[in-house]
Amino acid sequence: MSDAVLIFASTASADMRHVIPHEVHDPFLYIEIGDAKYTAIKSLEAARMRDVDGMTVFPLDELGFDDFRAAGQDPDTAELNTLVEACRRLGVAQATVPPAFPLEVADHLRANGIALAVDRDDFIMRRRVKSPHELAGIRRATVAAEAGIAHVAAAIERATVAEDGGLLLDGVPLTCEDLKAGVKEAFLRNGCDDAGMIVAHGPQTCIGHHAGSGQIFAGEPVTVDICPRDSLSGGNSDMTRTFVKGEINEELAFYYRIVKESFDKTLAAIRPGLPVAELHRISCEPIEAAGQPTQLTKKPGEVLDEGYFHSLGHGVGLEVHEAPSLNQNDAVLVPGDVLAIEPGCYRQGFGGVRLEDIVLVTEDGYELISDYPYDLIPVAISRGV
């Protein structure tokens, strides 16, 4: 029989969740031959698996699990042998697998005559175009992201400023930890959990992926970079805004101006067929023109930690960070890509500005999925529930 596709994982694996729309906590074998889909799985999960459109289910008991155990095999070895039996029944003699395919399972299948080859590019492309189920989940997660951003904006807007410049909310110091707790509540109200969160202030905003901690002060940047995950589909969103309470100094206003120009020019350029390296270059133009360093201006081997020191962004789907990476590589945008574009500009010891939204690449351009203002001054806006 022609080559098959094998995946062995739970649905915590994005490769598996892409083909199985519901959660399965224990690993199992998925077999794809052309348009036909099969699973070898514990009987506990068989009923739900049969509800998956077009799925043929082999409970492990039907594949000889009890006989293998009766012959003295331990449960793990017996399960491995049921996977071999599933492949033999379907005539699978060779298959492609994802890079994360378990070595123990691969060794056992190969020892029993089934040839396996890793095909990283194929599994990347399988997930580049989002399914309707995934895209609906990404849209729901984006509503949750907007609700989380709105919570932070409302809290900062309502806060008062103490004599030392610290923000107070209802007379209590307003901290990054307080804001993150409120964001998580907004996620839960909107059917999502937390796949990653940054609420950082001041110099913390220039430290890559610093989660943020401590009391917030007037006049300093507050970076809110949050990633809710839709509980129903596993689809993620990713959104960043930068806020300031009170007077905005000239340096921060400068960073905001060039980052917003970068964001707008990048967004306008998105279309299928565009090399991601060109999109990254477009995002660098306004920041370089303003005299700030970027990944394109740094010298080979130089470690850049100021200016626009990171890439433009990344794909978003069943993982927060997935293909395509938006930097200097050979990828080309395709219809169905969901991208997070997030230019920024920073100075160590001071902080900076980053703006981020997710974008769907369409047949003739793009669709901006999120809908939340970009202003530095926070304004309370009703979003989500």
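Let's start with the charges: a search of the whole structure turns up 23 salt bridges. A salt bridge here is a side-chain nitrogen of Lys or Arg within 4 Å of a carboxyl oxygen of Asp or Glu.

Some ground rules. This is a predicted model, where local features need pLDDT of at least 70 and side-chain atom pairs count only at pLDDT 80 or more, while totals for chains, interfaces and linings use all residues. Residues are numbered from 1 along each chain as its sequence is written, and side-chain values use heavy atoms, with hydrogens and water left out.

Now the overall picture. The protein chain has 10 helices and 19 strands. These are DSSP runs, numbered from the N terminus: helices are H or I with at least four residues, strands are E with at least two. The C-alpha atoms fill a box of roughly 75 × 45 × 40 Å along the principal axes. The chain has 385 residues, and 54% of them count as buried. Buried means under 20% relative accessible area, exposed means over 50%, and partly exposed lies in between, with a 1.4 Å probe and protein chains only.

What about contacts, meaning heavy atoms within 4.5 Å? Take those in the chain with a separation of 6 or more: 62% of them come from residues 24 or more positions apart.

On to helix α6, residues 120-128. Which of its residues are buried? They are F123, R126, R127 and R128. Their cover includes β1 (4-9), α1 (14-19), β2 (28-33), β5 (94-97) and β14 (322-326).

Stay with R127. Its side chain meets that of E319 in a salt bridge, 2.9 Å from N to O. This pair links distant parts of the chain: E319 sits in the loop between β13 (313-315) and β14, R127 sits in helix α6, and they are 192 residues apart. E319 is partly exposed, at 36%.

Next pair: E367 and R139. Their closest N and O atoms are 2.8 Å apart, in a salt bridge. E367 is partly exposed at 29% relative accessible area. R139 is partly exposed as well, at 31%. And there is a network: salt bridges that share partners join D15, R127, K130, E319 and E322.

One more bridge. R48 pairs with E45, and the closest N and O atoms are 2.9 Å apart. E45 is buried, with a relative accessible area of 14%. R48 counts as partly exposed, at 38%.

Now a histidine. Where is H108? In helix α5, residues 103-111. H108 has 18% relative accessibility, so it counts as buried. Leaving out residues up to four places away in sequence, H108 touches L80, N81 and V84.

Last stop, the surface. D61, E62, D66 and D67 form a negative patch. Patches are made of residues with over 30% relative accessible area and no salt bridge; like charges are joined within 9 Å, and nonpolar side chains (Val, Leu, Ile, Met, Phe, Trp, Tyr) within 5 Å. D67 is exposed, with a relative accessible area of 58%.

Key. Contact means heavy atoms within 4.5 Å. Accessible areas come from the Shrake-Rupley method with a 1.4 Å probe; for residues, only the protein chains shown count as cover. Lys and Arg count as positive and Asp and Glu as negative; His and the chain ends are not counted. The place of a charge is taken as NZ of Lys, CZ of Arg, CG of Asp or CD of Glu.
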